[in-house]
2 protein chains.
Amino acid sequence: MRRLERALVVADGRTLVSADPATVSWLTGHVPEIEWGPSPFSAPPVVVVDASGLVRIVVSEDETDSLSPDVEPVTFPGFAVEDVDRRSRAIELALSLVDGRVAGEPASLPGALARIELDDVGVELQRARAVKDRDELDAIRSAIAIADKGQAAARSAFAPGVSELELWTSVRAAMETAAGGRLPVLADLVTGPRTADVGGAPGERRADRDDLLLIDLVPRVGAYWADSCATVAHGDVPNLVRDGHAAARAALETVKAAVAPGVRAGDVDAAARVLAEYPHHTGHGVGLTVHEQPRIIPGNEQLLEPGMVIALEPGCYGEGWGVRVEQVVVVTEDGCDVLSGHQLGLYSTT
Amino acid sequence: MRRLERALVVADGRTLVSADPATVSWLTGHVPEIEWGPSPFSAPPVVVVDASGLVRIVVSEDETDSLSPDVEPVTFPGFAVEDVDRRSRAIELALSLVDGRVAGEPASLPGALARIELDDVGVELQRARAVKDRDELDAIRSAIAIADKGQAAARSAFAPGVSELELWTSVRAAMETAAGGRLPVLADLVTGPRTADVGGAPGERRADRDDLLLIDLVPRVGAYWADSCATVAHGDVPNLVRDGHAAARAALETVKAAVAPGVRAGDVDAAARVLAEYPHHTGHGVGLTVHEQPRIIPGNEQLLEPGMVIALEPGCYGEGWGVRVEQVVVVTEDGCDVLSGHQLGLYSTT
């Protein structure tokens, strides 16, 4: 069952309406511009699916390029010399499309659109989005291939004296060159004692001789995100750090072995925490958002299903140091396949 | 009168509520993370100002660092192992703060927050935001200094054979190095015949010997944006292009001379269009958004006031070529001051 069918099952005869960016992209193919925040020449897009399966999107006239061929755009003015209240116009247009009994994601709906009576099916839609279609898997593979390039660039550029921002420039350039254009990228890029903070943005710090680099790269390619993390050492690091890294890698192998259909997300989480200690989740779904269902966290009763894409990222953190390794997997009929291709070794050659 | 006082004048005894990111930042100092889209560990912040002038912001517990000291944060969970519906929690918290008669920006309000009865004062708030306080001017100056660095880097790196993405990497690195960290940047970076399209994102195209580079750089530093544009030639360009560039520069000088308190925005626009022809606005306000009031467009009756910050960007476009020059000015008591410091000449030495 493909995603539109799954959405119609959730809608159960009702009109479906959402302004959640991930739900909108999921049903329409829309790739929102995000790197520079909300555009003054646009408004949050709204998707409306009627009971027959007709998918319509309310979007600016400048943003129809990426839409799937069977999606009907209902547009308001984009970049223009004229003065138009685009947010109000978008809401009016969406209201005109909504009819009969309605289900949707109320917390995502703005203004007068939030005043319509509707049943909240946000949780059901999040669960439906967790299982990926084949074309979604292809898109995620492409994004991961780009993240792999970034990880390779970081590994080759990391050396004593290099600053985090210089590394960041090399890494981003490698990914954008591979993609042929600009990419939104969420990233942790920290060196030395900053690795103990789990993550953080690249800054002016320059690497010392025996420093660690912790780099978590999350590029978006088209509408889909990748995720990846590695920890790299250049010189000598204490045995404690080597042991921590070995523990994190062992935990990663253990969670991958634990992933299979019908397994509870919370049990996958627990399997990793026997081997390594870290103050964050063990993993999370990846797709149209950087963090989605299923969350691999303590106690989560959700059962894994084939087609779910999960980033697994156990780590180990001590006084003045931290390490983390991460791969993305897809749940198969009897286990999981690893989608990530980047190196995980503490040193370049491993 | 500073911005909180101006907001209270707009509120006129009513509680003020908004989830417009610019209004939220304006009243609280909040610097939203934007480069990677909406965070799954946050929700759109909401500002609530009561009639006494108490400013409260509903925001994730991870996002309180940039707030002004007199702003009271009301927080929901941020990055956490636990599963929390942050968007619904944010809406509940904001609802609990709203009391009595309410004014605000309804099109910005999500979910149940949009169901409260309120007077729409969006237009009044946009106008109030157009006049900048001294600290806002300082922030904009800092952002423009960063844009200047980017323009200088583009000018020095532009040469035959360089690709748009390579230029982009140099430019972004120059700005991020100057700022000491990552920056959101909106940019047009096009070469050769692509300049005829007015703008566009950097791609794989490599510059030919006699190409133009059109580069419009819009970095955000802290919560405030800069804006800047220049067009650079390397080899020989046709006289038509040189004349077009001279016309755009003359139009820029003319609009700067036209800017003064009490002048209609539409008249500033008309002054430029006598000298050069272009299919876009002549200018726009800059501040907490990349494009705000006052818009310098045909027919706009809005009167300029001291403290308004305006980007002015006449251009000239022909068959297979385009040029544009842009500076940011602040309206003074008797004219305007130029805030931009980047070179505008078609060749590096001018």
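Begin by selecting Lys256(B), which is buried at 13% relative accessibility. The model on display is a predicted one. Glu253(B), at 42% relative accessibility, is partly exposed.

Remain in chain B and select Glu301(B) together with Arg264(B), whose side chains meet in a salt bridge of 2.8 Å, N to O. Glu301(B) sits in the loop between strand E12 (292–296) and strand E13 (309–312), and Arg264(B) in the loop between H7 and helix H8 (265–273), so this pair ties together parts of chain B that are 37 residues apart in sequence. Glu301(B) is exposed, at 51% relative accessible area, whereas Arg264(B) is partly exposed at 31%.

Next, turn to chain A and select Arg324(A) and Glu313(A), which are joined by a salt bridge of 3.4 Å, N to O. Arg324(A) is in strand E15 (residues 321–324), while Glu313(A) is in the loop between strand E13 (309–312) and strand E14 (315–318), eleven residues apart. Arg324(A) is buried, with 2% relative accessible area; Glu313(A) is also buried, at 5%.

Finally, display both chains and select Glu35, Arg172, Glu176 and Arg182 in chain A and in chain B; salt bridges link these residues in a network. Across all chains of the structure, a search finds 54 salt bridges.

Key. Residues numbered from 1 in each chain as written. Chains lettered and ligands numbered in written order. Predicted model: local features only at pLDDT ≥ 70, side-chain atom pairs only at ≥ 80, totals over all residues. Heavy atoms only, no water. Salt bridge = Lys/Arg side-chain N within 4 Å of Asp/Glu carboxyl O. Helix = DSSP H or I, 4+ residues; strand = E, 2+ residues; numbered from the N terminus. Buried < 20%, exposed > 50% of the residue type's maximum accessible area, 1.4 Å probe, protein only.
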